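Please look at the sequence and the model before reading the points below.

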Amino acid sequence: MESDVIILGGGLVGLTLAIALDAHGLSSIVIDPADPQATLAAGFDGRASAVASAPWRMLQTIGVGARLEGKGCPIETIRVTDGLTPQALLFEPGEDDGAVGIMFENRALRTALRESALAAKNITLLMPARPADVRRDATGAHVTLADGRTVRGSLLIGAEGRRSPTREAAGIRIANWSYDHTAIIGSVTHERPHEGVAHEIFYPQGPFAILPLNDDADGRHRSAIVWTVSGKDAPAMLGLGPRAFAAEAYKKMGGLLGAIELASPLSSYPLGFHHAAKITGERLALVGDAAHGIHPIAGQGLNLGFRDVACFTEVLVEGARLGMDLGDAQLLARYERWRSLDTFMVAAATDGLTRLFGVRGRTASAVRRFGLGAVERIAPLKRRFMAEARGETGKLPRLLQGLHA
């Protein structure tokens, strides 16, 4: 089998890249060892993701948005506080700007992406399939699967996530550290409507996020929660019964949404930071978490991956129009330059926020509250933060503007 590119990893970012390339006539083979029947099952992943407004325009442009209509909950306002203080930093869109982003349950995203990929003419899905041998040389990228099949492309793309075997095999070093924090994730039903407000409540132990979801089938109001706790406290928190957990979550929420009940099983994952020293090699590029992994403090992890997709698609499409080999070092260098500053700045900002809001004491709290108030009052600074939340900073690829590359 042969295609323009080979994508190792069929998660949210890998499939989005395949679909974006297909929308511009470029072919891909997507290889992933996970069985779609397992990854699309209701209990596989209870997480929800905020898709910022610019990546949402891309999903609409490449045809995925139509499969997600009505399945997401618009984020109308982001409210940031230091603890339960009434002083808040509010990010609200202008009258003509639309929602800041849209909350989707990950299962809905995976289902829409798989349906789009299956319907695409230029995508071959090899899922489940496991690469046994991967080679890159002057002639192209070559993958031999565990069952003996071979595939070839001009370019290999690593999209396998944080522990990317492709990145490791290429000898690409990463800066990485653990925050000694665990994110506990679930969804709750609550008494009062959330009115499209996403809350980010910062505590010294870690942030507590309340993210709006659509009402359930019975009309009950729902939100996703991402509760960051110290690694040593996570087993005890996960061991609480549903009522006890809901009671603890209610305290952290300060009764913002009234009485709550746990509405899903809890899941957890350790939090860490990593950033690849480079994101390209000979006939190789990294996208998504294979290239960078950040703290979920600002909900930008998936959106960074979507920005990789938009940039890389534009680079490859323009190269194809010029008749260039898609594995050409000039194209890969352009992708590296385009993404390096953006990913570093977002990574540094989220890491800095994590450390700033983790400092204990009244003085530190006073400084944080002064900072939040200053951002609220200084319009240019607030607009900059708002643009970052929307995914609209830097040189914007055409797909993020809602245009084909």
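Is C311 buried or exposed? C311 is buried, because its relative accessible area is 2%, where buried means under 20% relative accessible area, exposed over 50% and partly exposed in between, with a 1.4 Å probe and protein chains only. The model is predicted, so local features need pLDDT of at least 70 and side-chain atom pairs count only at pLDDT 80 or more, while totals for chains, interfaces and linings use all residues. Residues are numbered from 1 along each chain as its sequence is written, and side-chain values use heavy atoms, with hydrogens and water left out.

**Cysteines**
- C73 also counts as buried, at 6% relative accessibility.
- The structure has zero disulfides, a disulfide being a pair of cysteine sulfur atoms within 2.5 Å.

**Strands**
- Strands β12 (residues 174–190) and β17 (residues 267–276) run antiparallel and are joined by 10 bridges.
- Strands are DSSP runs (E, at least two residues) numbered from the N terminus, and two of them pair if DSSP finds at least two bridges between them.
- A183 has Y269 in β17 as its bridge partner.
- Strand β20 (residues 292–293) is antiparallel to β17, with two bridges between them; H275 has H292 in β20 as its bridge partner.

**Rings and charges**
- Y269 also has R47 over its face, 5.4 Å from the ring centre.
- The charged end of K252 sits over the ring of Y203, at 4.1 Å from its centre.
- A charge sits over a ring if NZ of Lys or CZ of Arg is within 6 Å of the ring centre and within 35 degrees of the ring normal.

Definitions and conventions:
Helix = DSSP H or I, 4+ residues; strand = E, 2+ residues; numbered from the N terminus.
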